[in-house]
Amino acid sequence: MTAALALLAGAGLTGWLTPGLLNRIDPARADPVALLVAWLLAAVGVLAATVTGTVLLLSPGHGAGTTVMSIVSECLAAISHGTPPRAEVFAGLAGIVLVSLLTLRFAVIVVQFARRRARTRRQHLETLQMAARCDDRCPRTWWLDHDEPMAFSYAYRQGVIVATEGLGRHLSAVEVAAVLAHERAHLRGRHHHVITWVDALAKALPFLPLFRQAPSAVRKLVELAADVAAVREHGAETVRTALLSVAGHGTPDGTLAMGGSGVELRLAALTNGNAPAGPVKRALTCVLAAATMTTLPMITGAGVLLSIAVVACPLTGV
């Protein structure tokens, strides 16, 4: 039971304190992909620690081999004999019900989000397809005869980029290429699916700041990450001028666009002159972020246990 409570305490503290730690890092100077990994795996780590701690808490005194079915069977057997189930069995059953309800709530919200956005996306694409011109050289790019310089991407099958003819009228050819590279990075990184997941998590479990703040942070980071991908192909100055040209134009719901969120932050990142991280540095940074965030609930829980032990030892005379 001690380990279970420590894990749950670690998960709670991590979910509460991690946003403050991550928000201290300047995303304009850090690698946005590593920061994105940190946010996502912090959420995964808290969820995993919560589930693990709850499962351990389900079977105090039963040993590690206790299963959910054995707890349910023991509880039902006690009731059938007209005796109340033991306190730990009842606590285990209550824990099973709680975890099951939270899991079901999360699954239902994810499905609802996915279906709603798929329906909206399908309606938009059906309308756009009638008015768009397909690019034979790149069939996943649709062009609209509209003067405003805009481009946005949909997570439809392998992904679709919708761009306006206004891009070519207001931007240079290399700047248009940078805009399209930005949108391709969104599709390649499956950023639309990532945002759907964190939105669902925030709606299902809004009581922890980590889950509540993740959607806003992730939206900015996926845009920064797509900017970095475009910078690798076309340079920071080209991406900066392209961003200035497309910023401020509205885009349909459920899309990601270069002129979307966090424009001021992204302009600062493009102006500070930091070169994009190389593949080796990025891989090492992402591995470090992943290892730190997934183990942070356990480390925090161990810290809680140590603190309790330090306080308890003088009181017990040990």
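**The overall picture**

Of the contacts in the protein (heavy atoms within 4.5 Å) with a separation of 6 or more, 69% are between residues 24 or more positions apart. Buried residues (under 20% relative accessible area with a 1.4 Å probe, protein chains only) make up 40% of the 318 in the protein. You'll find 11 helices and five strands here, taken as DSSP runs numbered from the N terminus, H or I of at least four residues for helices and E of at least two for strands.

Keep in mind that this is a predicted model, where local features need pLDDT of at least 70, side-chain atom pairs count only at pLDDT 80 or more, and totals for chains, interfaces and linings use all residues. Residues are numbered from 1 along each chain as its sequence is written, and side-chain values use heavy atoms, with hydrogens and water left out.

Now pick out helix α8, residues 209-234. Its 26 residues reach 37 Å from first C-alpha to last, close to the 38 Å expected at 1.5 Å a residue, counting one less than the number of residues. At proline 215, α8 bends by about 40°, the angle between axes fitted to the seven residues ending there and the seven starting there. After α8 comes glycine 235, with a positive phi near 90°.

What lines the largest cavity? Pro149, Met150, Ala151, Val246, His249, Thr251, Ala257, Met258 and Gly259 do. A cavity is a set of points on a 1 Å grid over the protein atoms alone where a 1.4 Å probe fits but cannot get out, and lining residues have an atom within 4 Å of a point. The largest cavity has a volume of about 40 Å³, that is, the space filled by probe spheres set on points joined across faces, edges and corners.

Technical notes:
1 Å grid on protein atoms, 1.4 Å probe; cavity = no way out; pocket = protein on both sides within 12 Å on 5 of 7 lines; lining within 4 Å. Buried < 20%, exposed > 50% of the residue type's maximum accessible area, 1.4 Å probe, protein only.
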